[in-house]
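Me: I would like to learn how to read a structure like this one. Please take me through it feature by feature.

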Amino acid sequence: MKSGKIPLVDLRAQYDSIKSEIDAAIQEIINSSQFILGEPVEKFEQELAALCATPFAIGTSSGTSALFLALKAYGIGPGDEVITVPNSFIATVSSIINTGATPVFVDVDKDTFLMDPNLIEKAITSKTKAILPVHLYGQICEMDRILEIARKHNLHVVEDAAQAIDAEYKGRKIPVGDTAIFSFFPAKNLGAYGDAGALVTKDKKVAEIVKKLRNHGRISKYESELVGYGARIDALHAAILRVKMKHIGGWSALRNHNAKLYTELLKQVSLVKTPTVKEHNKHVFHLYVIELDSRDQLKQELNAQGIGAEVHYPLPLHLQPALKYLGYKEGDFPIAEKSSKRILSLPMYPELPSENIHHIVNTVKEILK
Ligand SMILES: Cc1ncc(COP(=O)(O)O)c(C=O)c1O
């Protein structure tokens, strides 16, 4: 049986498996001195667009900047409202606020923890401009319903797919609607060695605006058509991501294999609820999240035994100190609030050995006995 530390994510294990390819790609960039945009970024964008079966991909400095620029490209700003969920990373909502718009939260489904489409229409006002669903943990939201509501009310949809690259919904890739963003934060399913992100879109106009906005609004070296931002992806990261992108399908399959093993073994643990995967979804298990009453105790004891269990996320966005001014209070989003006290992410990465999953589940059983 495995003993010793098992981290939540092991980035070193992945690097070791592709070291020679990665080292060669980094060396090539340094040799060429092409550090900003140019061919490495263009090739990365072409390959990402092909992976997503979508016409346009634009590399950005992070997932956060991609999300902010997507909203800007749709003209969202002061006076506008954007509907999103309270159980996400803070960047989902800060991207909305930084455009000058106001986030409006709707609660999530109790099983999948994804945006509940039944609650969207009640949250729509004359100020609503967009819906921002979050494909949390690597599973895509109920996009047919969300897109139908958006069409009916003439709203834009920007998918926060930071955690969901390579996921599918009814056989469709991301963006399921017109526009989505990815994060390439190192621990993501496709991770750079630093901050990076991208926008993928079917909308040529959005692609053109974001391409300008990420690079100071420039149309030539010293001419700017828009007031933009310094939000380009680095060529080094583009080169690293090009190598890694070739492996993403295999890595998603390994994540699914690991998730299936966890779920199979955890069936015998009645106190634990395993993740709900909708039949029509290809889940990519960025995180494997269980639910239970005694979450804090289990987390503490797993951590004490060297198992890297964490909570994504312990404090819902509407209760964040920074967002107090929005006027939400405890009790406003009962499902998001309840789940934040009950969820626990167990170690999950493609290279996680099966024997470690057996060890983790046995440890869970021991603790909950
Ligand atoms: C759901 C979600 N949205 C947005 C982001 C922001 O991405 P980044 O860290 O690349 O800026 C992240 C990840 O960190 C995320 O998990």
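Reply: What follows covers helix packing, the ligand's surroundings and some backbone features. Keep in mind that the model is predicted.

Me: Let us begin with the helices. At what angle do H2 and H8 pack, and how far apart are their axes?

Reply: For a pair of helices, look at the angle and the spacing of the axes. Helix H2 covers residues 39-51 and helix H8 covers residues 235-245; they pack at about 35°, with their axes 8 Å apart. The crossing of H2 and H8 is left-handed.

Me: Which residues of H2 and H8 make the contact?

Reply: On the H2 side they are Pro40, Val41, Lys43, Phe44, Glu47, Leu48 and Leu51. H8 contributes Ala235, Ala238, Leu241, Arg242 and Met245. Sorted by class, the contact of H2 with H8 has nine nonpolar, no polar and three charged residues.

Me: Now H9 and H12. At what angle do their axes cross?

Reply: The axes of helix H9 (residues 248-266) and H12 cross at roughly 30° and come within 10 Å. Because angles under 35 degrees count as roughly parallel, H9 is described as roughly parallel to H12. This crossing of H9 and H12 is right-handed. From H9, the contact uses His257, Asn258, Leu261, Tyr262, Leu265 and Leu266. From H12, it uses Ser354, Ile357, His358, Ile360, Val361, Val364 and Lys365. The residues in this contact of H9 with H12 are eight nonpolar, four polar and one charged.

Me: How does H10 sit against H12: roughly parallel or oblique?

Reply: Start from the angle again. Helix H10 (residues 295-304) packs against helix H12 (residues 354-368) at about 125°, and their axes are 10 Å apart. That angle makes H10 oblique to H12. H10 passes H12 in a right-handed crossing. Gln297, Leu298, Glu301 and Leu302 of H10 meet Thr363, Val364, Ile367 and Leu368 of H12. In this contact of H10 with H12 there are five nonpolar, two polar and one charged residues.

Me: Next, the ligand. Which residues come nearest to the ligand?

Reply: There are 15 residues around the ligand, and those that come nearest are Gly63, Thr64, Asp160, Ser183 and Lys188.

Me: Last, the backbone. What are most peptide bonds, cis or trans?

Reply: Most peptide bonds are trans, and most residues other than glycine have a negative phi. In this structure, the peptide bond from Ile174 to Pro175 is cis, with omega near 10°. Pro175 is in the loop between strand E6 (168-169) and strand E7 (179-183). Another cis peptide bond joins His312 and Tyr313, with omega about 15°. Tyr313 belongs to the loop between H10 and helix H11 (334-342).

Me: Where is Asn154, and what is its phi?

Reply: Asn154 is not a glycine, yet its phi is positive, at about 60°. To find Asn154, go to the loop between helix H6 (143-153) and strand E5 (156-160).

Terms used: Residues are numbered from 1 along each chain as its sequence is written. This is a predicted model: local features need pLDDT of at least 70, side-chain atom pairs count only at pLDDT 80 or more; totals for chains, interfaces and linings use all residues. Side-chain values use heavy atoms; hydrogens and water are left out. Axes are lines fitted to C-alpha atoms, for helices over the stretch in contact, and angles run from 0 to 180 degrees between N-to-C directions. Helices (H or I, at least four residues) and strands (E, at least two) are DSSP runs, numbered from the N terminus. Angles under 35 degrees count as roughly parallel, over 145 as roughly antiparallel, 65 to 115 as roughly perpendicular and the rest as oblique. A crossing is left-handed if the near helix is turned anticlockwise from the far one by less than a right angle, and right-handed if clockwise. Contact means heavy atoms within 4.5 Å. Ala, Val, Leu, Ile, Met, Phe, Trp, Tyr, Cys and Pro count as nonpolar, Asp, Glu, Lys and Arg as charged, and the others, Gly among them, as polar. A residue is near a molecule or strand if one of its heavy atoms lies within 4 Å of it.
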